[in-house]
Amino acid sequence: MLTGLTGFLPKKEKFNSKRRNRKMDRIDNIRNVLFPESFIFYFVNRGACGNLLLLFKLAFTRNPAEQTNQTDMQSFLDLVQHRQSDRAYQDKPVEAEKIERILEAARLAPSACNSQPWKFIVVTDPEKRLQVADATSSKLLSMNHFTKQAPVQLVVLEENGNFTSSVGGWITHKHYPHIDIGIVAAHISLAAADEGLGSCIVGWCDEKKVQKALDIPKNKRVMMVILLGYSAQPFREKKRKTKEEIVSYNQY
Ligand SMILES: Cc1cc2nc3c(=O)[nH]c(=O)nc-3n(C[C@H](O)[C@H](O)[C@H](O)COP(=O)(O)O)c2cc1C
């Protein structure tokens, strides 16, 4: 019941998970002080007054379904729905703590054989940002003109996979680092949404220009640039294939 209250919070508040968690902790604390288990049982065994308190307790207790992963999954789906590729940003810096938490979400991403074949360069310097923006856009093709607006660019580099991931990839004909980097990009963009930030994964880029701008060795691949910043775009509905088109059970 109490978690249902978050449904009434405005979007910004809703996705400011730290604030929300603090609020929930406070509610939990009050509940536990007012209605500790032993207190309840004492009164339950002593008639009407106990029963009245039990009713209060039930009213204030999150129902069992809400205590399971169901609640987490519900809010995770909300987060997934609210993440979108933002292509316009406010002229407002991003707090360093937010960037740190996003990087932590990236660091904790899974990868084949735990190989973690990535490195991230955080670009905030205005001059370097312009150079990276230039490398990720094209006037001729009218591509990605918005990249210069984002106050933060996360440049995602591919590093060598570890031995087991490389051998596994050789046997299965898969290049696991590319899969790993796709996953880390999802962690980054979802973590950004959780921080109330907009993001856009930009795969189209002139790698050589980015290497030059950021002193990246020529043998390191620039896989993508993820833009971060306060979005200047409204939320839009997702355009996606239907479940019937993409899911089947037990056979193709
Ligand atoms: C690997 C990858 C590369 C992408 N490159 C670009 C890009 O260069 N420019 C751009 O505007 N969007 C880019 N996108 C964003 C996609 O266009 C976007 O995710 C897709 O249209 C779905 O929209 P949504 O993210 O708003 O849900 C890229 C996304 C991925 C995953």
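Ile-121 has Val-155 as its bridge partner in strand S2. This is a predicted model, in which local features need pLDDT of at least 70, side-chain atom pairs count only at pLDDT 80 or more, and totals for chains, interfaces and linings use all residues. Residues are numbered from 1 along each chain as its sequence is written. The protein chain holds 12 helices and four strands; these are DSSP runs numbered from the N terminus, with helices being H or I of at least four residues and strands E of at least two.

**Sheet**
- The four strands form an open sheet in the order S1-S2-S4-S3, with antiparallel pairing. Two strands pair if DSSP finds at least two bridges between them.
- Strand S1 (118-123) and S3 stand at the edges with a single partner strand each, so one side of each has no neighbour in the sheet.
- From one strand to the next, the twist averages 20°. Axes are lines fitted to C-alpha atoms, for helices over the stretch in contact, and angles run from 0 to 180 degrees between N-to-C directions.
- Six bridges link S1 and S2 in the antiparallel sense.
- Seven bridges link S2 and S4, also antiparallel. Leu-157 has Val-222 as its bridge partner in S4.
- Five bridges join S3 to strand S4 (residues 221-229). Gly-198 is bridged to Gly-229 in S4.

**Burial and core**
- Of the 252 residues of the protein chain, 24% count as buried. A residue is buried if 20 or more other C-beta atoms lie within 10 Å of its own, exposed if 12 or fewer, and partly exposed in between, with C-beta atoms placed from the backbone.
- Six of the seven residues of S2 are buried, so S2 is largely enclosed by the rest of the structure.
- The largest nonpolar core has 35 residues, and Val-155, Val-156, Ile-188, Val-225, Ile-226 and Leu-228 have the most contacts inside it. Such a core is a set of buried Ala, Val, Leu, Ile, Met, Phe, Trp, Tyr and Cys residues joined through C-beta atoms within 7 Å.
- Elements that each supply at least two residues of this core include S1, strand S2 (152-158), helix H10 (176-194) and S4.
- Leaving aside neighbours within four places in sequence, Val-156 is in contact with Trp-118, Phe-120, Ile-181, Val-184, Ala-185, Met-223, Met-224 and Ile-226. Contact means that the C-beta atoms, placed from the backbone, lie within 7 Å.
- Among contacts between residues at least 6 apart in sequence, 77% join residues at least 24 apart.

**Ligand shell**
- The residues around the ligand are Gln-84, Ser-85, Arg-87, Asn-144, Cys-200, Ile-201, Val-202, Gly-203, Trp-204, Met-224 and Lys-238. A residue is near a molecule or strand if its C-beta atom, placed from the backbone, lies within 6 Å of it.
- Strand S3 (residues 198-202) gives the largest share of this shell, three residues.
- By class, the shell has five nonpolar, four polar and two charged residues. Ala, Val, Leu, Ile, Met, Phe, Trp, Tyr, Cys and Pro count as nonpolar, Asp, Glu, Lys and Arg as charged, and the others, Gly among them, as polar.

**Loops**
- Cys-113 lies in the loop between H7 and S1. Cys-113 has a positive phi of about 55° although it is not a glycine.
- Asp-215 lies in the loop between H11 and S4. Asp-215 is exposed, with 7 C-beta neighbours inside 10 Å.

Definitions and conventions
Contact = placed C-beta atoms within 7 Å.
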